[in-house]
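Dear colleague,

Please find the structure below, handed over for your review. My notes on it come after.

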Amino acid sequence: MNFKKILNISPLALCIMPLLLLSSTFAQNRDEIKDEYKWNVNDIYSNWDEWQKGLEELEKKMNEITTLKGTLSQGPDQLLKASQMQDDLGVLSYKVYRYPQLTRDTDTRDQEVSSKLQQVQILFAKFGSATSWVNPEILQIPWDTMKMWLDDTPGLAPYRFGIEDLYRQQAHVLDEEKELLLSYNSQFNSTPSSIYSELSTSDIDFPTITLSDGEEIQVTNGNYSKVLATKRNQEDRKNTFEAHYGVFKDQENTYAAIYNAVCQRDWASARARNYGSSLEATLEGNNIPVAVYENLVNTVKANTEPLKKYQRLRKKVLGLEKYYSYDGSMPLTDFDKEYEYEDAKQWVIGSVEPLGADYQDKIKTAFSGGWLDVFENTGKRSGAYSANVYGVHPYMLLNYNKTLDNVFTLGHELGHTMHTLLANENQPFVTSSYTIFVAEVASTFNEALLLDYLLERTTDPKERISLLQQSIRAITGTFYFQTLLADFELQVHKLAEAGSPITADILSGIMEELYDTYYGDSYEKDEFLKVVWARIPHIYRTPFYVYQYATCFVSSAQLYKQVTEAESSEKEQLVDNYLNLLKSGGSNYPMKLLKKAGVDLTKPEAMMAVFDRMDDLVAQLEKEIELVK
Ligand SMILES: [Zn+2]
């Protein structure tokens with residue numbers, strides 16, 4: 001039984017995409033966009049009145065559940081009642097939260113909608129305090145009794161995993177009084193990340209610089225990425241990079257103080273709940289062994305050669321005397337084909353054929369049913385995500401503007417959506433949400449399918465180079481770089497645990513060493529780059545989170561290899577194993593589900609599929625480059 005799950009509704013399906021997307025300057029009005037390209041929030045509630053009723057019902061049900069306080073030990077029927085009530089609340093919470101959240105995301109300027117969303121958030125917080133008694137009360141019931149109830153009460157079957165998991169974590173649940181005390185801190189726990197958000201978004205002031213062609217640009221996140229990916233003049237990239245990073249460098253002491261607060265908070269809550277380290281406390285939730293994290297960090301550190309090789313190749317092809325981090329996004333060829341959304345849609349549908357007709361049909365439904373919000377409009381949130389509404393359907397936000405990147409984002413988000421859909425269809429509510437630990441498996445799997453599908457269909461060497469670069473970037477961005485950050489987080493948290501100081505210089509020093517290990521002499525030394533830790537929101541908002549991009553990538557690469565390289569007699573079984581992983585949702589620990597599908601992340605060998613793929617893609621790229629010479 002996991003009450004926290006209800007409160008943890010994440011606004012996005014945890015995507016790296018927003019970091020990579022370029023923002024376009026020409027947003028249109030929302031009413032100019034055809035309905036077939038907009039999502040339909042009326043599938044959740046037909047209007048605000050209905051939403052208001054839902055909100056009131058949620059509040060009523062929250063009060064109802066408190067009437068069960070003190071009764072859970074009476075017998076399995078009471079426990080079942082509480083569990084089912086919790087499910088009702090959960091399903092309702094999704095709807096009540098998503099309706100204003102999705103609406104806000106299509107027009108972030110709408111203050112009225114924002115305040116409605118806040119209403120929901122306040123209610124959720126109240127719910128946290130009102131239910132702080134539940135877990136301790138369940139745990140008052142001796143395990144032998146509980147086991148008997150679970151064995152003898154068929155209705156409790158869907159809740160078994162959650163309840164067993166609660167007992168597993170018993171050592172870390174405190175008594176009622178202490179839990180209540182900790183719940184008072186729940187708002188305060190998010191303070192470092194809200195200060196970070198204000199400093200790095202609301203209050204940030206990026207300077208304006210003049211590029212070599214006379215164009216003046218403000219070095220915002222969007223323009224920064226755009227210049228790095230489009231301006232052939234290295235001096236332009238250098239100036240943009242330095243102006244952009246300079247803003248973080250100027251406030252590095254404040255950023256360091258915030259990050260210190262994050263690490264101190266993590267260590268304080270780990271100690272409050274009797275964990276040996278902040279990492280252990282974070283991984284314990286999903287029952288992930290600390291060894292998985294350490295295995296990742298150490299194995300990648302020892303296998304950075306394909307990454308260096310790629311950078312050296314880039315340096316040569318771009319004809320640069322000196323190669324810097326800000327040269328890393330520059331395309332290797334001038335290839336700016338525009339990809340129409342309707343084409344991209346057909347490719348995504350075509351590319352998933354190896355996963356069977358049923359999977360393909362479901363993707364078609366996703367495209368036609370008002371699930372997607374495709375194009376950018378004035379006031380719309382940037383980036384891309386897939387968001388679940390259990391009992392309704394998943395929703396996907398895009399800002400499609402015809403780049404190859406956008407084509408892959410489409411495939412990526414559809415992967416999330418299919419995972420959600422298959423889990424929703426095959427699991428009761430309580431075990432439907434899959435953990436973050438497997439969240440990026442389906443999305444990156446679909447990207448790999450899409451790449452191979454497109455490579456098979458084009459003979460244009462320039463397009464092939466673009467495609468290869470696109471997928472190599474996925475590996476450098478979601479695998480290598482995220483592991484580098486994971487390593488950084490671990491090192492700094494260890495400093496906090498040892499009571500050592502955490503200052504801007506110390507953070508930059510750790511970062512410099514990591515860059516040396518990962519990139520060696522394939523990058524020139526750079527004073528500004530070291531402060532990259534100040535501009536990565538994830539490490540402030542959700543510590544020990546980004547490593548999962550890397551472990552998901554590992555899992556996905558291995559599953560992909562299994563499915564695509566299988567003998568035809570085994571193929572069906574291997575596809576089934578993969579789909580069963582998606583259908584399993586959150587019905588067991590992610591390590592167990594992955595193992596069933598054929599992936600063991602405690603072994604260094606698990607990572608070899610990624611190094612091999614990177615090696616292979618770089619070799620293919622080298623060959624294509626020879627052809628266009
Ligand atoms: Zn994603």
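This is a predicted model: local features need pLDDT of at least 70, side-chain atom pairs count only at pLDDT 80 or more; totals for chains, interfaces and linings use all residues.

Residues are numbered from 1 along each chain as its sequence is written, and side-chain values use heavy atoms, with hydrogens and water left out.

The protein chain has 28 helices and five strands (DSSP runs, H or I of at least four residues for helices and E of at least two for strands, numbered from the N terminus). Along its principal axes, the C-alpha trace spans about 80 × 55 × 50 Å. Of the 629 residues, 55% are buried (under 20% relative accessible area, with a 1.4 Å probe and protein chains only).

Helix α22 (residues 461–497) packs with helix α28 (residues 608–628) at an angle of about 150°, their axes being 9 Å apart (lines fitted to C-alpha atoms over the stretch in contact, with angles from 0 to 180 degrees between N-to-C directions). The two helices are therefore roughly antiparallel (over 145 degrees). Residues that meet (contact means heavy atoms within 4.5 Å) include Leu468 and Phe479 in α22, and Met614 and Leu621 in α28.

Serine 183 lies in helix α9 (residues 176–184). Serine 183 counts as buried because its relative accessibility is 15%. Its C-alpha atom is separated by 7.4 Å from that of serine 132, which is 51 residues apart along the chain.

With kind regards

Methods. Angles under 35 degrees count as roughly parallel, over 145 as roughly antiparallel, 65 to 115 as roughly perpendicular and the rest as oblique. Buried means under 20% relative accessible area, exposed over 50%, partly exposed in between (1.4 Å probe, protein chains only).
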